[in-house]
Amino acid sequence: MFKNLLRTGVTLSLFNTTYVLCKSNRDEKLPHYHFLNEQDLNKVLKKHQNLSIIDRSYTEHILSIIRDVETDTVEFRKNSDRLIRILIEQAISQIEKKKHIKQSPLGYYDAHEVKFEDEEICFVSILRSGNAFLFEGLKAVSGASIGQILIQRNEDTALPSYLFQKLPANIKDQQVILMDPMLATGNSATLALRILKNQGVKQENITFLTLVSCEQGIEKLFREFPKMKIITAQVDPILLKDFNYLAPGIGNFGDRYFGTVKRSQQSAQQQ
């Protein structure tokens, strides 16, 4: 028993030492951001009835990993995919269902399945970061079609520029899942939504998926497209006006996911 207590004491002391070291290694020049509490999140949800925020018990561990500036590309990509799959499944759960009777090995039951065939669902990615959603999306809905919209953001003005689109000819008749990992100012997403609208897609047939968002971006989208749906894993507390980045944010998602930035460069970008 004494040995077990000794092991426990050593373990706890190691945990405490690690925590102290983490605190002592912190750069005091960097701000410490605090997330919105449940009361604040409920206010946001009450204000926007077509907004869904994934329960943080499913997301906080994964988000803690991908936010970490020390997370390498392999871990970042793996955990981003985990979070993306949660968002994809949530989007599918909100698509209209059909009820019919099916047979299990033991008898009959009432089945509730997505009303639409795979071919009637379209994943539209805002390039390039939105392409990160396609792998998990096609695993969930393997027969879905794919659309792509290339929008380049001016880093100085944060204004988007349209460059390219390739969308299915029948997209106006499809259930569209629009995907971009970050919703900051909402400018790029708004431009993409306008493109879909010009193609005849109804607002109520569009679900926008984003890993991390902020209130400013959410309000901008719902102001122009009140009937669409938004699903996000977390609402960050701050949009940095000087950089138009979310805080604490993730950094440049595309660079981190696709491995086009080294960890040393990544650390510099965050400072």
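This briefing describes strands, helices, cores and a few local details of one predicted model. Local features need pLDDT of at least 70 and side-chain atom pairs count only at pLDDT 80 or more, while totals for chains, interfaces and linings use all residues. Residues are numbered from 1 along each chain as its sequence is written, and side-chain values use heavy atoms, with hydrogens and water left out. Helices (H or I, at least four residues) and strands (E, at least two) are DSSP runs, numbered from the N terminus.

**Strand β10 and its neighbours**

- Buried means under 20% relative accessible area, exposed over 50%, and partly exposed in between, with a 1.4 Å probe and protein chains only.
- Strand β1 (residues 51–53) pairs with β10 in the parallel sense over 3 bridges; two strands pair if DSSP finds at least two bridges between them. In this pairing S52 stands opposite I231 of β10.
- Strand β9 (residues 206–214) also pairs with β10 in the parallel sense, over 7 bridges. The bridge partner of F208 in β10 is I230.
- From β9 the chain crosses through helix α7 (residues 215–224) to β10, and this β-α-β crossover is right-handed. The term applies if, with the strands pointing away from the viewer, the path from the first strand over the helix to the second runs clockwise.

**Q234 in β10**

- Q234 lies in strand β10 and is buried, with a relative accessible area of 10%.
- The side chains of Q234 and R67 are joined by a polar contact of 2.7 Å. A polar contact is a pair of N or O atoms within 3.5 Å; within protein, one must be able to donate a hydrogen and the other to accept it, and residues adjacent in sequence count only if both atoms are side-chain atoms.
- Not counting residues up to four places away in sequence, Q234 touches F35, L63, R67, L211, V212 and S213. Contact here means heavy atoms within 4.5 Å.

**Strand β4**

- 7 of the 7 residues of β4 are buried, so this strand is largely enclosed by the rest of the structure.
- In a regular strand the side chains alternate between the two faces of the sheet.
- Both faces of β4 are covered: I121, F123, S125 and L127 are buried on one side, and C122, V124 and I126 are buried on the other.
- β4 pairs with β7 in the parallel sense over 5 bridges, and C122 stands opposite V176 in β7.
- β4 also pairs with strand β5 (residues 145–153) in the parallel sense, over 6 bridges; F123 stands opposite I146 in β5.

**Nonpolar cores**

- The largest nonpolar core has 35 residues, and those with the most contacts inside it are F123, L209, L211 and F253. A nonpolar core is a set of buried Ala, Val, Leu, Ile, Met, Phe, Trp, Tyr and Cys residues joined through side-chain atoms within 4.5 Å.
- Two or more residues of this core come from each of α3 (56–67), α4 (73–93), β4 (121–127), β7 (175–179), β9, β10 and α8 (253–258). The most come from α4, which gives 7 residues.
- Apart from this core lies another, of 31 residues, among them I126, L193, L196 and V201.

- α4 has 21 residues and reaches 30 Å from its first C-alpha to its last, close to the 30 Å expected at 1.5 Å a residue. The expected span is 1.5 Å times one less than the number of residues.
- The buried residues of α4 include F76, L83, I84, L87 and I88.
- At the start of α4, a side-chain oxygen of D72 reaches to within 3.3 Å of the backbone nitrogen of V74.
- 9 of the 12 residues of α6 are buried, so α6 is largely enclosed by the rest of the structure.
- α6 is followed by G200, whose phi is positive, near 95°.

**Cis peptide bonds**

- Most residues other than glycine have a negative phi, and most peptide bonds are trans.
- The peptide bond from L127 to R128 is cis, with omega near 0°; R128 is found in the loop between β4 and α5 (134–140).
- A cis peptide bond also joins A247 and P248, with omega about 5°, and P248 lies in the loop between β12 (245–247) and α8.
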